[in-house]
Amino acid sequence: MSKLSDAEIAEAIPGVPGWMVVEEEGMKRLQKSFMFDDFAAALEFTNKVGNLAEAENHHPRIVTEWGSVTLTWWSHEQGGMVAADIEMAKKVDSLS
């Protein structure tokens with residue numbers, strides 16, 4: 001699994017509506033916030049994402065707050081976004 005080029009990222013982004021590319025610590029990452037009516041719903045979604053991440057062995061940063069969950073995908077090993085990040089974004093979207 002190799003880091004995606006800028007061109008590959010630009011080509012892939014339309015396939016994951018609502019997700020955006022952010023840059024942190026010099027690395028491009030894929031990020032999206034999901035809104036919920038309360039903390040319980042946000043936590044339930046967090047747990048679904050956690051189960052999916054464990055099953056796929058690809059784990060995001062998850063920030064769970066009252067009424068929202070923000071997910072950020074990237075590869076520590078590759079130093080940026082990889083194809084698996086796009087695939088996981090699609091799978092997460094099917095959970096919400």
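Predicted model: local features only at pLDDT ≥ 70, side-chain atom pairs only at ≥ 80, totals over all residues.

Me: Which strand is Ser68 in?
Reply: Ser68 belongs to strand S4, which covers residues 68–73.

Me: And what is Ser68 in contact with, neighbours within four places in sequence aside?
Reply: With those left out, Ser68 contacts Phe34, Met35, Phe36, Ala42 and Val63. Its opposite number in the strand pairing is Glu65.

Me: How many residues of S4 are buried?
Reply: Six of its six, so the strand is mostly covered. Ser68, Thr70 and Thr72 point one way, while Val69, Leu71 and Trp73 point the other way.

Me: Which strands pair with S4?
Reply: S2 pairs with S4 in the antiparallel sense, over six bridges. Strand S3, residues 61–65, also runs antiparallel to S4, joined by five bridges.

Me: What does the hairpin of S3 and S4 look like?
Reply: There are two residues between the strands, and Gly67 takes a positive phi near 80° there.

Me: Which residues of H3 are buried?
Reply: Asp85, Ile86, Met88, Ala89 and Val92. They cover an arc of only 165° around the axis, so they sit on the same side of H3.

Me: Why would residues three or four places apart point the same way?
Reply: Because an α-helix has 3.6 residues a turn.

Me: And what covers the buried residues of H3?
Reply: The cover includes helix H1 (6–12), strand S2 (27–35), helix H2 (39–56) and S4.

Me: Let's zoom out. How many helices and strands are in the chain?
Reply: Three helices and four strands. Along the sequence, the pattern reads α-β-β-α-β-β-α. The radius of gyration is 13 Å, close to the 12 Å from the globule rule for 96 residues, so the chain is as compact as a globular protein of that length.

Me: What are the spans along the principal axes?
Reply: The C-alpha trace spans about 40 × 25 × 25 Å.

Me: What share of the 96 residues count as buried?
Reply: 39% of them. As for the accessible surface, that comes to about 5,400 Å², with 51% belonging to carbon and sulfur atoms.

Me: How much of the contact set joins residues at least 24 apart?
Reply: 62%, among contacts between residues at least 6 apart in sequence.

Me: Last one: where does Met1 lie?
Reply: In the segment before H1. Met1 is exposed, because its relative accessible area is 63%. Not counting residues up to four places away in sequence, Met1 touches Gln78, Val82 and Ala84.

Me: How far is Met1 from Met88?
Reply: They are 87 residues apart in sequence and 14 Å apart in space, C-alpha to C-alpha.

Definitions and conventions: Residues numbered from 1 in each chain as written. Heavy atoms only, no water. Contact = heavy atoms within 4.5 Å. Buried < 20%, exposed > 50% of the residue type's maximum accessible area, 1.4 Å probe, protein only. Arc of directions from axis to C-beta. Rg over C-alpha atoms; globule rule 2.2 N^0.38 Å. Areas by Shrake-Rupley, 256 points an atom, 1.4 Å probe, with all protein chains shown as cover. Pairing = 2+ DSSP bridges.
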